[in-house]
Amino acid sequence: MGLQHTDAPGLGDVVLEPGMVISVDCPVMQTGIGGSTHLEDLTLITANGSEPIHRVSAPTIQV
């Protein structure tokens, strides 16, 4: 997990390992105020998959 949206964009193939935390960033580019909004969810990578770090609502889609 980085500090900016552009942290290390050229990492190439990254292997996710247990204990890593990733940010799933869903930008909303047209806010009508001349900027953008980013909806970010933090996810802990586990040995069996992943776990959201925060509470999620029912319409979560797992890919």
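pLDDT is the predictor's confidence in each residue, on a scale from 0 to 100. Welcome to this predicted model, where local features need pLDDT of at least 70, side-chain atom pairs count only at pLDDT 80 or more, and totals for chains, interfaces and linings use all residues. Residues are numbered from 1 along each chain as its sequence is written, and side-chain values use heavy atoms, with hydrogens and water left out.

**Figure 1. The whole protein and its confidence.** The average pLDDT of the protein is 76, and 60% of the residues score at least 70. You will find zero helices and three strands here; helices (H or I, at least four residues) and strands (E, at least two) are DSSP runs, numbered from the N terminus. Reading from the N terminus, the order of elements is β-β-β. Strand β3 (residues 49–52) has the highest mean pLDDT among the elements, 90, while β1 has the lowest, 77.

**Figure 2. Surface and contacts across the protein.** The protein has an accessible surface of about 5,600 Å², and 56% of that belongs to carbon and sulfur atoms. Such areas come from the Shrake-Rupley method with a 1.4 Å probe; for residues, only the protein chains shown count as cover. Of the 63 residues, 5% count as buried, where buried means under 20% relative accessible area, exposed over 50%, and partly exposed in between (1.4 Å probe, protein chains only). Contact means heavy atoms within 4.5 Å. Among contacts between residues at least 6 apart in sequence, 23% join residues at least 24 apart.

**Figure 3. Met20 and a nonpolar patch.** Look for Met20 in the segment before β1 (21–28). Together with Val14 and Leu16, Met20 forms a nonpolar patch on the surface, with about 240 Å² of accessible area in total. Why does Met20 count as partly exposed? Because its relative accessibility is 31%. Leaving aside neighbours within four places in sequence, Met20 is in contact with Val15, Thr43, Leu44 and Ile45. The C-alpha atoms of Met20 and Thr46 are 7.9 Å from each other, although these residues are 26 apart along the chain.

**Figure 4. Thr43 in strand β2.** Now move to Thr43, in strand β2 (residues 37–46). Is Thr43 buried or exposed? Thr43 is buried, because its relative accessible area is 12%. Not counting residues up to four places away in sequence, Thr43 touches Met20, Val21, Ile22, Val24, Ser50, Glu51, Pro52 and Ile53.

**Figure 5. Asp25 in strand β1.** Strand β1 contains Asp25. This residue counts as partly exposed because its relative accessibility is 28%. Asp25 and Asp41 are 16 residues apart along the chain, and their C-alpha atoms are separated by 6.7 Å.

**Figure 6. Asn48 in a loop.** Finally, visit the loop between β2 and β3, the place of Asn48. With a relative accessible area of 79%, Asn48 is exposed. Asn48 lies 30 residues from Pro18 in sequence, and the two are 8.5 Å apart in space, C-alpha to C-alpha.

Definitions and conventions: Patch = residues over 30% accessible without salt bridge, like charges linked within 9 Å, V, L, I, M, F, W, Y side chains within 5 Å. Salt bridge = Lys/Arg side-chain N within 4 Å of Asp/Glu carboxyl O.
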